[in-house]
Amino acid sequence: MASPQRYRRRGRGAAEFAELSGYRVKGAPAEFAVDVTAIDLGDVAMWRLHLTPVQATIADVLPGELETVQVLSTVSGTMTVRIAGISHELTPGSYLLFDPRRPHDVSSAEETTSFLYSVRRSAVEPIIREFPLRVDADPVYSRALRALVTSILDSERDYSGPGAGNLRIAIESALLASIAEAVGRFRATTSEGGDRFLVLIEGARQIIAGEFADRSLSATTLAQRLSVSRSLLHRAFESVGMTPAVELRNARARHAGHLLASGDSPAQRRAAAKASGFASVTSMLAAIEALGRD
């Protein structure tokens, strides 16, 4: 953890961009200039880049960056990012998620300011599986996130020491909430293809599989954990003929049925209900019966 760092690079000196993000800029034109403010909080690193008309290849990612995913968001201007031969136009108010291990070309016809975030791959993979993906950002989340990051980058404060970990968690949560909301809407407006809402459903099922015994787990808390609205999560499950509540109930019922296979005395029923996350033996038995009818 450290204080925000500020860099200004022009022309061939832009190759020193590697100092900031683990990248190396190749073939930067003479007029290329980049003003960068950066901070590294460990699991989350952030850069604000002001780019003067640029067309360059970013490559040679350092080994330390291999476990991260990059999230690029434009603040002003429009930037084109070409990854694996496919061009993605990044306009203000949008995000591009991509794997930094792939060299990519960036170009802009005018001056533009961008935010570049680096987050742990494991934090993003439950939300999105494919790279890259451009999504329209949620204006409320993105404005709040940019305001928070800007206040940090514009300060002279040292963010190492007590409280830095909480700050990192807050930033990561805001970033992932913005991405999750944007990806959720992106999925909701896609065609009726087989992958509609797949990311949200898979994420919810992963949480249910590991935490169904927690009685506080519900459709509402599932949505909160996935950083989406309850109605959006409900629509995702409706697309496969299910609801989050029934998915959770069935997971608990299956576990309870497994426990009761060895005996169903009153004491065993109470123990099974508690171990499976049910509030009572009655609700457990009703869930097991409903599971048998499904």
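In helix α9, which spans residues 266-276, the residues A272, A273 and S276 are buried, where buried denotes a relative accessible area under 20%, exposed one over 50%, and partly exposed a value in between (1.4 Å probe, protein chains only). These three residues lie on the same side of α9 because they cover an arc of only 100° around the axis, the arc being that of the directions from the helix axis to the C-beta atoms. R270 and K274, on the other side of α9, are exposed. Just after α9, G277 adopts a positive phi of about 90°. Helices (H or I, at least four residues) and strands (E, at least two) are DSSP runs numbered from the N terminus. The model is predicted, so that local features require pLDDT of at least 70 and side-chain atom pairs count only at pLDDT 80 or more, whereas totals for chains, interfaces and linings use all residues. Residues are numbered from 1 along each chain as its sequence is written, and side-chain values use heavy atoms, with hydrogens and water left out.

A one-sided arrangement is also found in helix α7 (residues 230-238), where L232, L233, A236 and F237 are buried. Their arc of only 135° around the axis places them on the same side of α7. In general, an α-helix has 3.6 residues a turn, so residues three or four places apart point the same way.

Overall, the protein contains 10 helices and 12 strands, and buried residues make up 46% of its 294 residues. Of the contacts (heavy atoms within 4.5 Å) with a separation of 6 or more, 70% are between residues 24 or more positions apart. The accessible surface comes to about 13,800 Å², with 52% belonging to carbon and sulfur atoms; accessible areas come from the Shrake-Rupley method with a 1.4 Å probe, and for residues only the protein chains shown count as cover.

The largest nonpolar core comprises 22 residues, and M46, V71, Y117 and I171 have the most contacts inside it. A nonpolar core is a set of buried Ala, Val, Leu, Ile, Met, Phe, Trp, Tyr and Cys residues joined through side-chain atoms within 4.5 Å. At least two residues of this core are supplied by each of β4 (44-52), β9 (94-98), β11, β12 (133-136), α3 (139-153) and α4 (164-188). The largest share, 5 residues, comes from α4. Apart from this core lies another, of 17 residues, including A204, F212, A223 and L232. Leaving aside neighbours within four places in sequence, V71 is in contact with Y95, L96, L97, F115, L116, Y117, V119, L175 and I179.

Strand β11 is mostly covered, 8 of its 9 residues being buried. Antiparallel pairing joins β11 to β4 through 8 bridges and to strand β6 (residues 68-76) through 8 bridges; two strands pair if DSSP finds at least two bridges between them. The bridge partner of L51 in β11 is T112, while S73 stands opposite F115.

F115 is located in β11 (residues 112-120) and counts as buried because its relative accessibility is 2%. Residues up to four places away in sequence not being counted, F115 touches W47, R48, V71, L72, S73, V75, R146, V149, T150 and L153. F115 and A38, 77 residues apart in sequence, are 9.8 Å apart in space, C-alpha to C-alpha. A search of the whole structure finds 1 aromatic pair. The ring centres of F115 and Y117 are 5.9 Å apart and the planes lie at 40°, so the pair is tilted. Rings of Phe, Tyr and Trp (its six-membered ring) pair if their centres lie within 6.5 Å, planes under 30 degrees apart counting as stacked, over 60 as edge-to-face and the rest as tilted. Both F115 and Y117 are buried.

Strands β9 and β12 run antiparallel and are joined by 4 bridges, with D136 in β12 as the bridge partner of S94.

H88, in strand β8 (residues 86-90), counts as buried at 15% relative accessibility. Its contacts, leaving aside neighbours within four places in sequence, are with M79, T80, V81, L96 and P132. R82 lies in strand β7 (residues 79-83) and is partly exposed, with a relative accessible area of 39%. R82 and S107 are 25 residues apart in sequence and 8.5 Å apart in space, C-alpha to C-alpha.
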